[in-house]
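Dear colleague,

Please find the structure below, handed over for your review. A summary of the findings follows it.

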Amino acid sequence: MPAPDGRPRLPDPPPAIPADRLGRPLRSLRLSVTDRCNLRCRYCMPEEDYVWLPRESLLSFEELERLARIFAGLGVTKLRLTGGEPLLRHDLPTLVRLLARVPGIADLALTTNGLLLERDAAALRAAGLRRVTVSLDTLRPERMLALARTTRHGDVLRGVAAARAAGFEGLKLNTVVIRGFNDDELGDLIEFGRAHGAEVRFIEYMDVGGATRWSLDQVVSRREMLERLGRRFGPIAPVARPDPTAPAERFVLPDGTAFGIIASVTAPFCRDCDRSRLTADGTWFLCLYAERGVDLREPLRLGASDEELARLVRAGWAARADRGAEERLAVPERGALYQLEGLRADPHREMHTRGG
Ligand code: SAM
């Protein structure tokens, strides 16, 4: 079929590395730039203290850029900066400027809790960041205090406004939905998003590492969310997905307002997963639930060439058969993935280290 402008359509280029064992291409990389966070959300970091990655193990901007180039050379087109809280990494716009120049990266995005976004939004946009997602679980400051141990709800709202003013391409809000905590705010959050030029994504509360207080009864399923929203707004229609690898399924309200649901607990989407994650110390995880990752920092610092590092990544991806969320679905008595001792023994198991 010709392209809309009449020219013959070129076939897609062949993938730079073969698909994994389940036929999934390597397309998307989440780069965690720090394991530190300035919030203590009960679904992610509920404890009083943590074991942190040693500072000297954290990759420098040059090391992060080099790895990003290698991944891009192997087929990665989407990069998302995350953490911990990525805006705690000193001078993040400089890293963004380096990454925005990496050939092959078509989409450079950031996930942030928004506390420092008012300070950084314009500089990040100017540096070449294209999209921003802000985590916003509640519209009520007193609930945020209980959920995330902070009084700075207003800073997040100002961060959302600053991101809008900075002109990012797609502003999104991430809401982890927890029964009995914020599940009565779904409609209000959609309306808040509509009024502030942002699309909301509701995330089912996941039993990832770090979520030590997780239990199935606190999970509000996609189905229940849609029923509740349908009661408030009227019939909800699904939106066809141009990109089946995107984690969120999108829906529209009768007035055309769109929102998304990430149903990783009740309807996992492992078969379409093209994502992997690099922690701030250069450990590469092929699945959010994976027990172990591949250490890329040591070979990098021991002087491996780009080709040697690329070979490591190629071999890791070729062997990938992970379906972590689908396997969790099959666990009969599902509870927290790790208890505290397991997390203390290896902080790489923590969601705040893996980047979500
Ligand atoms: N600090 C940044 C933020 O707040 O967005 C980035 C890191 S955070 C780990 C990335 C995402 O993971 C956030 O949207 C957060 O809500 C989500 N997350 C953390 N723990 C979760 C859990 N147990 N279930 C579902 N999502 C979770």
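Which residues does Trp 284 touch, not counting residues up to four places away in sequence? With contact meaning heavy atoms within 4.5 Å, Trp 284 touches Leu 29, Phe 71, Ser 276, Arg 277, Leu 278, Gly 293, Val 294, Leu 296, Leu 312, Val 313, Gly 316 and Trp 317.

This is a predicted model, in which local features need pLDDT of at least 70 and side-chain atom pairs count only at pLDDT 80 or more, while totals for chains, interfaces and linings use all residues. Residues are numbered from 1 along each chain as its sequence is written, and side-chain values use heavy atoms, leaving out hydrogens and water.

Trp 284 also belongs to the largest nonpolar core, which has 103 residues. Together with Leu 81, Leu 92, Leu 124 and Phe 202, Trp 284 touches the most other members. Such a core is a set of buried (under 20% relative accessible area, 1.4 Å probe, protein chains only) Ala, Val, Leu, Ile, Met, Phe, Trp, Tyr and Cys residues joined through side-chain atoms within 4.5 Å.

A polar side-chain atom of Glu 85 lies 3.0 Å from a ligand nitrogen, and a side-chain N or O atom of Ser 135 is 2.6 Å from a ligand oxygen. Met 206 places a backbone N or O atom 2.9 Å from a nitrogen atom of the ligand. Taken alone, the ligand exposes 550 Å² (Shrake-Rupley method, 1.4 Å probe), of which the protein buries 94%.

With kind regards

Methods: A polar contact is a pair of N or O atoms within 3.5 Å; within protein, one must be able to donate a hydrogen and the other to accept it, and residues adjacent in sequence count only if both atoms are side-chain atoms. Buried means under 20% relative accessible area, exposed over 50%, partly exposed in between (1.4 Å probe, protein chains only).
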